[in-house]
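Have the sequence and the 3D view open as you read.

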Amino acid sequence: MQLDEIPDVMVAQDIADYMHISRYKVYELMKTSPEYGGIPCFGSGRSVRCMKADFVQRLELQKQARKQKYIAADRS
C-alpha cells in the first residue's frame with residue numbers, strides 16, 4: 001500500500017496494512033500518547049480513527065528523531 005492510496009480518515013487496518021504490523025499493535029500505538037511515540041487518533045463511536053495528515057506528521061517526526069539519534073551517536 002502506498003501513502004497516496006491511504007484514505008484521509010484511517011482506521012487501524014489501514015495503518016496496519018501501510019506499516020506491515022498487526023492491527024493489535026496499531027491499537028496499542030493508538031492508546032499511547034503521541035508524546036511517547038503513539039499515533040494521534042480520535043474516537044468515533046466504538047471505533048478509533050486517525051487523520052492521514054496526523055499520521056504522516058508522526059512518521060516524519062519519528063524519522064527526524066531517529067536521524068538526530070544517529071547523528072548524536074556518530075559525534076560520540
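Helices here are DSSP runs of H or I with at least four residues, and strands are runs of E with at least two, numbered from the N terminus. This is a predicted model, where local features need pLDDT of at least 70, side-chain atom pairs count only at pLDDT 80 or more, and totals for chains, interfaces and linings use all residues. Residues are numbered from 1 along each chain as its sequence is written, and side-chain values use heavy atoms, leaving out hydrogens and water.

Back inside helix 1 (residues 12–19), the buried residues are Ala12, Asp14, Ile15 and Ala16. Buried means under 20% relative accessible area, exposed over 50%, and partly exposed in between (1.4 Å probe, protein chains only). Those buried residues pack against strand 1 (9–10), helix 2 (23–31), strand 3 (47–51) and helix 3.

Now for helix 3 (residues 52–75). Ile15, Tyr18 and Met19 in helix 1 meet its Phe55, Arg58 and Leu59, a contact being heavy atoms within 4.5 Å.

There is 1 aromatic pair. Tyr18 and Phe55 sit edge-to-face, 5.9 Å centre to centre with 80 degrees between the planes. Rings of Phe, Tyr and Trp (its six-membered ring) pair if their centres lie within 6.5 Å; planes under 30 degrees apart are stacked, over 60 edge-to-face, and the rest tilted. The two partners are 37 residues apart.

| Residue | Relative accessible area | Class |
|---|---|---|
| Tyr18 | 24% | partly exposed |
| Phe55 | 0% | buried |

Key
Axes fitted to C-alpha atoms, helices over the stretch in contact; angles between N-to-C directions.
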